[in-house]
Amino acid sequence: MLSDAPFFLLDTAEDPIDPVKVFGNDNPLYIEVGSGKGEFISGYPLYHPEWNFIGFEVRGKRISNCLKKLNPEKHPNVRLVERLVDSRIIEILRSESVSGAFIQHPDPWPKKKHHKRRLIQQDFLKSLSQILLPGAFVQVSTDHEEYANWIVDEFLQSPFFQSIYDNPMQEQPILDEHVVTWFEREQLRLGYKPNYMLFRKI
Ligand SMILES: C[S@@+](CC[C@H](N)C(=O)[O-])C[C@H]1O[C@@H](n2cnc3c(N)ncnc32)[C@H](O)[C@@H]1O
């Protein structure tokens, strides 16, 4: 385990996260689901030192990749949680405590028999809406065409979200400070084109 692990890793086994206790301030809180090798969670928070960030990642190896890109002096506003995110996210983050969520290249689970494993579906969106503040946004990207359509359908069917754009799928990155992640770089190299989506909690 890397030496900065105790600073960055949050234990969510027992208590829900108390951001004021964790960060020592009540700055707006943003989450990333599926931090992968850590490009976004180590890059984007540098543009927003006035915000706090928690990256969730299920795979221990990937958490180690993230930790290698973080240090407490440069990233006092970042923490990581090693666990699977699903509709139980309401057990670890308080109601209406999150200002925005980033979900970049979530696993598409392409086989039909695995679709039930997809992160973005109604029970998760309901829980996500509960932890988000009114007006909070969710940014999603994927280069997987079928999952992109699925994601748009799920968000548009949800009574808790609306698309910010009339055309929910944008071909260009939505954020000014776009961070190209490891997975996005790989897929671009292979010729796939990401779709970017931005939804708002109603
Ligand atoms: C396709 S990779 C993309 C990683 C990163 N976002 C990127 O763009 O490079 C998906 C990542 O999400 C993680 N992941 C998938 N489902 C997850 C879940 N439900 N909760 C937390 N992490 C998850 C995987 O372990 C993997 O690291």
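Me: What do E4, helix H5 and E5 make?
Reply: In this predicted model, strand E4, helix H5 (residues 122-131) and strand E5 form a right-handed β-α-β unit.

Me: How many bridges join E4 to E5?
Reply: Six, and the two strands run parallel. As one example, Gly100 has Phe137 in E5 as its bridge partner.

Me: And how do E1 and E4 pair?
Reply: Strand E1 (residues 29-33) pairs with E4 in the parallel sense, over three bridges. Ile31 has Ala101 in E4 as its bridge partner.

Me: Is E4 mostly covered or mostly open?
Reply: Mostly covered: E4 spans residues 98-104, and six of its seven residues are buried.

Me: What is Leu128 in contact with, leaving aside its neighbours within four places in sequence?
Reply: Ile89, Ala101 and Val138.

Me: Switching to the ligand. Which residues are closest?
Reply: Gly34, Gly36, Val85, Thr181 and Phe183 are the closest of the 19 residues that surround the ligand. Strand E2 (52-57) and helix H7 (182-189) are the elements giving two or more residues to that shell.

Me: Which one gives the largest share?
Reply: H7, with three residues.

Me: How does the shell divide by residue type?
Reply: Eight of its residues are nonpolar, five are polar and six are charged.

Methods. Residues are numbered from 1 along each chain as its sequence is written. This is a predicted model: local features need pLDDT of at least 70, side-chain atom pairs count only at pLDDT 80 or more; totals for chains, interfaces and linings use all residues. A residue is near a molecule or strand if its C-beta atom, placed from the backbone, lies within 6 Å of it. Helices (H or I, at least four residues) and strands (E, at least two) are DSSP runs, numbered from the N terminus. Ala, Val, Leu, Ile, Met, Phe, Trp, Tyr, Cys and Pro count as nonpolar, Asp, Glu, Lys and Arg as charged, and the others, Gly among them, as polar. Two residues are in contact if their C-beta atoms, placed from the backbone, lie within 7 Å. A residue is buried if 20 or more other C-beta atoms lie within 10 Å of its own, exposed if 12 or fewer, and partly exposed in between; C-beta atoms are placed from the backbone. Two strands pair if DSSP finds at least two bridges between them. A crossover is right-handed if, with the strands pointing away from the viewer, the path from the first strand over the helix to the second runs clockwise.
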